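Reader: Please take me through this structure one feature at a time, giving the general idea before the case at hand.

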Amino acid sequence: MNRTPKTLLVLALVGVVGMAFRVSWNAQRDVARAIGADHTAATLYPFVVDGLMALALVATLVLTDDSRRFALRVLATYTGASLVLNYVHGLVPALHRESVDWGRLADWSPANWALVLLATSLPVGSIYFGSDLVAKVLHHQPTPAANAQESIESVSNRSMAEQGKPAPAPAPVVPPVVVNPAPIPRPVQVGFLKPTVALKPLPAIAPVAVGGAVAAESPRTRRATGRVPDSARSVRPKRTPDQLLDQARAASADWPDAHLTADRIRKTVHTSAEKARGLRDALIAERAA
């Protein structure tokens, strides 16, 4: 909707609410006079009920989640209370006159007590619920700007085809530039002196293309080595399960039960995690026995 229709809709709503408030004015004023309110208090009584309904409606439009549900409950409660008071005003013709029997809203005593309790509790409830709703509205945090930024980025990241724009031409691929290594000059013979050591030319450096740029390999390449002979390897003696258990028992003799873990046993006796768990279970069983 454009701005003009929205403005007209809001003005129409304000007009309807104002007329409904005027229709309900007499009923609530007469009920307030019947429960003992003076002229000024009875005149202001409709603002207590219908005014809080308007406040709860505004809070419902602003708040979200649990706070919005709370505002809806307040709105529904005061709407029902206003309906009950208007209904009682229509059923009791004595309330339409200036001189009424104070404190009597119904002939049946239990019903009269309930109606008087309802009419007298609405002002107190307006103070409590109205203050709570205003506090919730003032402390309400709007939608974070990060979400708006993410939505903008999601729209901008859509493909050009979705936005109805032609896709840009792909950037041209620049071939890598191969740099030939500079030749090594040969040794020059001066007079009768001859070089005693022949200089070997350095190996050519093969260029490597990384992200469109050329990167040269390091001249220090690691020489491939063969298989390490068995005689050069460190040989660790193999231990039997009983030897491992004896070592673990001796190492953990002064350990408390809380420190008797498989990881600590593995680091102490230098064994695998699976064997360490078996040693832990065996030691725990010995301690329990």
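Reader: What volume does the largest pocket have?

Author: A pocket is an open set of points on a 1 Å grid over the protein atoms alone, places where a 1.4 Å probe fits, with protein on both sides within 12 Å along at least five of seven lines. Points are joined across faces, edges and corners, and the volume is the space filled by probe spheres set on them. Here the largest pocket has a volume of about 430 Å³. The model is a predicted one, in which local features need pLDDT of at least 70 and side-chain atom pairs count only at pLDDT 80 or more, while totals for chains, interfaces and linings use all residues. Residues are numbered from 1 along each chain as its sequence is written, and side-chain values use heavy atoms, with hydrogens and water left out.

Reader: Which helix gives the most to the lining of the largest pocket?

Author: Lining residues have an atom within 4 Å of a point, and helices are DSSP runs (H or I, at least four residues) numbered from the N terminus. It is α2 that gives the most, with eight residues, although α1 (3-34), α2 (39-62) and α3 (65-91) each supply at least two. Of the 16 lining residues, V17, D50, M53, A54 and L57 lie nearest the centre of the pocket. By class, the lining has 12 nonpolar, three polar and one charged residues, where Ala, Val, Leu, Ile, Met, Phe, Trp, Tyr, Cys and Pro count as nonpolar, Asp, Glu, Lys and Arg as charged, and the others, Gly among them, as polar.

Reader: At what angle do α2 and α3 pack?

Author: Axes are lines fitted to C-alpha atoms, for helices over the stretch in contact, and angles run from 0 to 180 degrees between N-to-C directions. For α2 and α3 the angle is about 150 degrees, with the axes 8 Å apart, which means that α2 is roughly antiparallel to α3 (over 145 degrees). Their crossing is left-handed, a term for a near helix turned anticlockwise from the far one by less than a right angle, with right-handed used if clockwise. Contact means heavy atoms within 4.5 Å, and the residues making it include D50, M53 and L57 of α2 and L75 and Y78 of α3.

Reader: How do the axes of α3 and α4 cross?

Author: The axes of α3 and helix α4 (residues 109-138) come within 11 Å and cross at roughly 155 degrees, so α3 is roughly antiparallel to α4. This crossing is left-handed, and its contact has 14 nonpolar, three polar and two charged residues.

Reader: Is the crossing of α7 and α8 left-handed or right-handed?

Author: α7 passes α8 in a right-handed crossing. Helix α7 (residues 262-269) and helix α8 (residues 273-288) pack at about 115 degrees, their axes 8 Å apart, and therefore α7 is roughly perpendicular to α8 (65 to 115 degrees). The contact has seven nonpolar, no polar and three charged residues.

Terms used:
Angles under 35 degrees count as roughly parallel, over 145 as roughly antiparallel, 65 to 115 as roughly perpendicular and the rest as oblique.
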